[in-house]
Amino acid sequence: MSDELKLTILRKLDSEGLIENTTATFKDVSVETILGALKSLESQEKIAYDTLTTEVWTIEAEGKDQLENGSYEAQVFEAVPPGNEGISIEALKAKFGAKANLGQGKGFKNKWIKKSGSNIVRLVDSITDQTKADLETVHQTGTHPSKDVIKDLKRRSLIKQNKILSYAVRKGANFSTELKRQATDLTLEMLQSGAWKSAEFKKFNFDSLGINPSGGHLHPLMKVREEFREVFFETGFEEMPTNNFVDSSFWNFDALFVPQQHPARDLQDTFFLKEPAVANSLPDFWPVVRDVHEKGGYGSIGYRYPWSEAESKKLVLRTHTTSISTYMLHKLAQQPYRPAKYFSIDRVYRNEAVDAKHLAEFHQVEGVIADKNMSLGSLIDFLDIFFKKMGISDLRFKPTYNPYTEPSMEIFSWHEGLREWVEIGNSGMFRPEMLRPLGLAEDVRVAGFGLSLERPTMIKYGIDNIRALVGHKVDLGMIEANPACRLDKKMGKEVFQGRVVEAES
Ligand code: PHE
């Protein structure tokens, strides 16, 4: 806001006492600029102002032509030579085009001219161009004393009405011709120097709308994660801490009875750390784990290979959250027996070729249940309930192989669109070769299952390329535009299968 305009306003008020109409006084300044200056001065109580709306008539394009060159009737009159001969209608048309008809009509009405055969002749020697004079008046004053003239000019589309905002300004309670910078904040410096005593403070503007609050937006993965968490909490699970993304091969593989020659432990499948490459030490029960790999135990003959401590110390980006479950089960085993239900939802890493469907990382949803009464039947029962809460009602199980579970089951659900059973997760009963070295008693059974968070999220949010969901190509607009919550609380079959099969209430 220019101080120059504010000063001009104050000086004008000082010398004239009043500004009756700002638009008239400041012809070249826009209304917005004037209003800005007035508001600022008003907040300091240097002035007060009232809003005036002035109605002004302005000249339209056709009116401008007649204002400059005379009305059409006058132009036509001037083109008719004195005498009985006059001028042919064709000649007038050729000279004036479309204006000729309008000019003639008005000229007949004014009794300036008349038709004589196919010619036009004069009725009078000279005329007064009243239309032009009226337009001149409107142009000068923005209006015309005669309502009839205004009406006529408007009907002929020569003039148009405009509303102009303007202000009448008078002196305020604090009037002066000086502009003092107003302080907007009480600062430490002002308090220390005492400047606050004489400072002039800017008034609060309670009419101001303020800045739009901009909140954060949850990523779709985090929203679906929340839905899973709710189901876990509803069914009595505790959340595991998953904030260690790097783990030793011991926790990621060995303690899970994954042999050191297993293909999952290849460079092609797992990210090994370069720096630091190995863990400082292994948990003190590592010889028990070594023994079960080398010699077996708990009814098992083991893998019968020389187990390497160095291999076990290799640090990896965890390939599954089952490393966490294993760690938690070991902790659980150190206390007196109690049944436990643990879950986690977090990132895991696998050395995969990246394409539209695969990244080298994904979120694993995992649950483990430790209970003396746990059986394969109760795991199936639990999975039925768990997936039903997510909107999937019929499951099938297919035997599979995991080094750490026996029996192991892939979880399938019927896909109506593909008309086939599709895999939605993996599960099983953890082996004694894994559980006993962790310290769990022989009669404690532990079941587990896992699935990816990305798949249901992509289907639910209609995202068909994983790179649009995770990574540097993610469009922040997509995250902001997606609804904060969905009303279809149950995720429904479509989440896992790509289309709605049956609605769950
Ligand atoms: N770790 C398994 C996976 O990565 C999931 C799983 C967890 C399977 C627990 C069985 C038991 O697919």
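**Pockets, a ligand and a cavity in a predicted model**

Reader: How many residues line the largest pocket, and which of them lie nearest its centre?

Author: In this predicted model, the lining of the largest pocket is made of 48 residues, with R350, F362, Q364, E423 and S452 lying nearest the centre. A residue is counted as lining because it has an atom within 4 Å of a grid point of the pocket. The space in this pocket comes to about 1400 Å³.

Reader: Which elements give two or more residues to that lining, and which gives the most?

Author: Those elements are the strands β11, β12 (395-402), β13 (405-415), β14 and β15, together with the helix α18 (454-460). With seven residues, β14 gives the most.

Reader: How do the residues of this lining divide by class?

Author: The lining of the largest pocket has 20 nonpolar, 17 polar and 11 charged residues.

Reader: What takes up space in the largest pocket?

Author: The ligand does: the space it takes is the largest pocket.

Reader: What makes a residue count as being around the ligand, and which come nearest?

Author: The condition is a heavy atom within 4 Å of the molecule. There are 14 residues around the ligand, and H320, T322, R350, Q364 and Y404 come nearest. By class, this shell has three nonpolar, nine polar and two charged residues. β11 (361-371), β14 (420-430) and β15 (445-452) each give the shell at least two residues.

Reader: How much of the accessible area of the ligand does the protein cover?

Author: On its own the ligand has 320 Å² of accessible area, and the protein covers 91% of that.

Reader: What is known of the second largest pocket?

Author: About 540 Å³ of space lies in the second largest pocket. It is lined by 20 residues, of which K39, S40, S43, Q44 and K202 are closest to the centre. Two helices, α1 (3-16) and α3 (31-43), each supply at least two lining residues. The largest share, four residues, is from α3. By class, the lining of the second largest pocket has four nonpolar, six polar and 10 charged residues.

Reader: What makes a space a cavity rather than a pocket?

Author: In a cavity a 1.4 Å probe fits but cannot get out, whereas a pocket is an open set of points. The structure holds one cavity of 30 Å³ or more, and the volume of the largest cavity is about 30 Å³. Its lining consists of D254, A255, F257, F285, V289, V292, E433, M434, P437 and L438. The elements giving two or more of these residues are α13 (286-294) and α17 (432-438); α17 gives the most, with four.

Reader: Why is the lining of the largest cavity said to have no polar residues?

Author: Its residues fall into eight nonpolar and two charged, with no polar ones. Asp and Glu count as charged, so D254 and E433 are placed in the charged class.

Reader: Which peptide bonds are cis, and what is omega for each?

Author: The bond from E275 to P276 is cis, with omega near -5 degrees. P276 is in the loop between α12 (249-252) and α13. The bond joining E406 and P407 is also cis, with omega about 0 degrees. P407 is in strand β13.

Reader: What is noted about phi of K111, and where does K111 lie?

Author: Phi of K111 is near 60 degrees, a positive value in a residue other than glycine. K111 is in the loop between α7 (99-109) and β4 (113-116).

Definitions and conventions:
Residues numbered from 1 in each chain as written. Predicted model: local features only at pLDDT ≥ 70, side-chain atom pairs only at ≥ 80, totals over all residues. Heavy atoms only, no water. Areas by Shrake-Rupley, 256 points an atom, 1.4 Å probe, with all protein chains shown as cover. 1 Å grid on protein atoms, 1.4 Å probe; cavity = no way out; pocket = protein on both sides within 12 Å on 5 of 7 lines; lining within 4 Å. Sits in = over half its atoms within 2 Å of the grid points. Points joined across faces, edges and corners; volume = space filled by probe spheres on them.
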